[in-house]
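Please open the model in your viewer and keep the selection tool at hand.

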Amino acid sequence: MHVSNVKVAHESRLSFHTSRFFSSLKRFGGTARLLAALALDVSNFCLNQQSPCSSAEDQPIQTFVIPHSHMDVGWVYTIQESMHAYAANVYTSVTQELSKYKDRRFIAVEQEFFRLWWDTVASDSLKKQVRQLVTEGRLEFIIGGQVMHDEAVTDLDDQILQMTEGHGFLYQTFGVRPRFSWHVDPFGASATTPVLFALAGFDAHLISRIDYDLKHSMQKNKKLQFVWRGSPSLKAKQEIFTHTMDQFSYCTPSHLPFSSSSGFYWNGIALFPDPPIDGVYPNMSLPVTKETVQLYAKTMVENIKQRAAWFRTSHVLWPWGCDKQFYNSSVQFRNMDPLMKYINQNSKEFGVTVQYATLSEYFQSVHQTNLSWDVRGAEDFLPYSSEPYQAWTGFYASRNVLKGVARRASSQLYAAETLFTRYRVSFPDGPVAKDWALEKLRALRWAVSEVQHHDGITGTESPKVAEMYTQHLVQAMMGVDELLAALFLLPHNLAASNIRDTNFHRKDADHSLEQHVIIYNPLAWNVTTMVNVTITFPSAIVYDDDGQPVPAQIQRSAQSNISYDLFILVELGGLQHKKYLIKVSGTPCSKKSKCLNTYEAKAAVFERRSVKDWRKTGRRLLPVLSESYKLMFDRDTNLLHSITYLQENRRVRMTQDFWEYDANGDVKAGPISDNYIFSANGSAVRAYKAVAMEIIPGKIVTEIRQYFYREDGDEDYAFSITTRVPECSGTVLQCHRLEQSYSLGPLHINTEVVLRTSSSLKNNRTLYSDDNGYQMMKRIYKKFPNNTLARNYFPMVRTAYIEDDLSRLVLLSDRAHGVSSQANGQLEVMLHRRLWNNLAWNLGYNLTLNDSSVVTPTLWMVLGSVGATSKLHPRGAVELQHRPVIMPIDQPRLPQKEKELTLSTPVPPVVLPPNLHLLSLSIPGWNYSSHHSIHLSHIHSSTDLVSEPDFDRVLLRIMHLFEEEEDPELSKPVTINLKDILRGIGEVTVLEERSLTGTWDVTGLQRWKWKTADTLAKKNESCPSSGDEDFTVTVSPKEIRTFFVHFSSRNL
């Protein structure tokens, strides 16, 4: 997906189609550019019996040739284009060719293309062949998720979702459960991923993209394989053996010393938009003949021995494939078969044997060596650099809009899943058709899963593919909007009353217009918070279900001069919704026209301040007070000056503003920034020359709006910060956060803009950012010989903070960004990028990231002591991700005929302890027996394998939010009775504990044990209970417990 600058001259000498093929090889970075030379040099090195490439035990190297095709679900071409050009042909031709000879193998990795082929292309005959190949273990599904998800900017919720969707399909259809990963292309490796794969029942994990210098060191010291304990709390309970691919990564070495064509790719290069009619593709390798077989064998053996020198065992994983391969499997196998036969016939001479293999066959052989392996703790491989000036840290912020849409879609899906589950259990015969509802949910599950691809949510795809992802997400979200409306409004909804029958008309009311709004809390906690409803009237009164006025605040919107923000203070139980009546009027509030509990807030506007006039600052400070904070704004600059957290009366000096990095776009002038790479052309510079400010004091929230202008005389601002300071009291979580939203763009070309928060904290440039919203990682500032600035950027999915001995400053995010601490006390977040460069490869694929959009991300800020913020930020991050759902159900109109007030009976809340999070509550719909043997029997005996959805099985996941010893109380294990917790939904009758994606009964899940240096010191971990008779479950720090739940038939 990316080519280094040093390769451009070489690439220009290749044909257009050859360069397209090599582009996938060139993504492997700095070491990759040496591969051709290495392949030549090793010819006089590895065949020498005295060379270090020969086996220490003089036994033949056992080579596992693993045929595969790396099929990006997106990137350059849309899914429809890829299916037509090559992807469908991969599965058709592989199925046909594997069926011809028993020794052939193939691994299938991402499920989206396979499922599309299975549902729309495969004939009954092909499906029968596939089932046979899967049963025989010759076609093996690896990872099994919908996509090979990115690991840096994806959220925990969505990683689990896309795996669950793929695993559910595979298990229902074939009765298979993937046991190994193949994460060969994500740009860096998260410590969360091995934990999730272990929880899903995997026996081994495979990664590839790690820092070029680290990989070189690991190769040299034979440290590419280890046992990874990704969670500091779970430790050995969820460890997993991990194999790091060597410098050749997942592609077969393409250089042939005896040919100008690439090697081992006899089917050539896929053509877009249409496959060639004559079947002749560009850059087809020389066929294996009597004349070429020895040359091919020598090249292959040389490479095998080079790789063998980097690993501890005599087993070599030799991936045969690359991007978009095996669409003509006949020509592939027709050439590899005789080549492998020749090598095996001369194995004594070569010192090598070769065999087709699946990934499980390779890992089984390594496991059987019973070696003792090094342990890697809870460290990740982020960020990732492929060369000294190629830090892949730019994509953390690429396509901010797509990142935001993807997270909103995920949040909406979470809310709809919980609401439909509750509806289905309570009203199994209700008017919302269950098949229609599941169809809407599955469409959004598919779209959210799809965009998690490592060239999707990363923002590294072409514009047309970004548009495809967005279109799929938006269309599916519209469908789920329809579902939510139906669940709320049709008769026998959760409130057991019709909104039209409920009337809040007061006898003394004027002729105001009325609008109804439903607000739903999708979390299993009671929440008190404010929500914002946009209206087009200057005054409003809000009433609750009981007809009582609700505290509210109205003010002119920051986004539009013709609309108003109506802030409503709501209290909602876990998984509860309430209906509100908003009476709006074109007449502003006055003494004669009272607005009851609605406060009309008005702005105080401050003079615009030019940067050039900032000679004396800090003389005129303006305070903004809340129960938790005192913010001071400097009237000489219109910037934030300091924040005091009042619980300990400690002041922290702090400013916030926008800075920008200038990016180089000319490859002849030096390193460039692009979709993937951040390569700063010097330090950041201030992105504005003047700042304006207005403050809107309120009774629910005080809002500070700051506008940043590129030039003194500009009429329109380039950037803005809107800070909302809640006016509340008590221990409500909302009191302890400052809600900030931003506006940026369109940017100037080749600029990368950051929000820089500069404070008096003494953090020594050390920061903490999260791995996928699951765990926090300590990021120590490191100096490098080259590119230090960019290599100290890290992904921030939900949370980042800096701290010293006294205070911690936390930022929570509604989407992924890049984050860094470039100076003491500084925390900068890259919010937006707009780039163009003249690299031929980027231009050819339209990957220059000329993103002219306006982005509006949100961050929540929490400031306080380390102990206080530790209690707040894990739950705060979840609350930001899953804010209350606001659904206006009609337009403002005149009051209907007056009726008596019909009170609805609210559903009982579902409430978990504060350190436990309801990670999932859904009806997956996959239909299979919980007993594996029974399910397999059904698959093998049934002629009609089309399953009706299972609407009675509920998937439940509970997650402990805290690490061990993170908090004196909240880090303790929690014991709950799920029957009691879920009583608000229905009566639980059966509770089965399952693996993370639901396909394993945990009592039958026996993962491989890998010997480590501390094996003898490990404690015997007992299997978790699979649902005791009293339904009591204990959840330990950072555990994710997954269950199938069945409710009483009285509910269903």
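Begin by selecting residues 124-136, which form helix α6 in this predicted model. The helix has 13 residues and spans 19 Å from its first C-alpha to its last, close to the 18 Å expected at 1.5 Å a residue.

Within α6, highlight Leu126, Val130, Leu133 and Val134, which are buried. These residues lie on the same side of α6, because they cover an arc of only 100° around the axis.

Which elements do the buried residues of α6 pack against? Select α4 (79-98), α5 (111-120), β3 (139-141) and α7 (156-174) to display these partners.

Next, select strand β39, residues 916-922, and find Ser922 in it. Is Ser922 buried or exposed? Ser922 counts as buried because its relative accessibility is 9%, under the 20% cut-off. Apart from neighbours within four places in sequence, Ser922 is in contact with Glu417, Thr421, Arg953, Val954 and Leu955.

Finally, select strand β42, residues 988-994, a mostly covered strand in which five of the seven residues are buried. To view one bridge partner, display Glu992 together with Phe1044, its partner in β44.

Key:
Residues numbered from 1 in each chain as written. Predicted model: local features only at pLDDT ≥ 70, side-chain atom pairs only at ≥ 80, totals over all residues. Heavy atoms only, no water. Helix = DSSP H or I, 4+ residues; strand = E, 2+ residues; numbered from the N terminus. Buried < 20%, exposed > 50% of the residue type's maximum accessible area, 1.4 Å probe, protein only. Contact = heavy atoms within 4.5 Å. Pairing = 2+ DSSP bridges. Expected span 1.5 Å × (residues − 1). Arc of directions from axis to C-beta.
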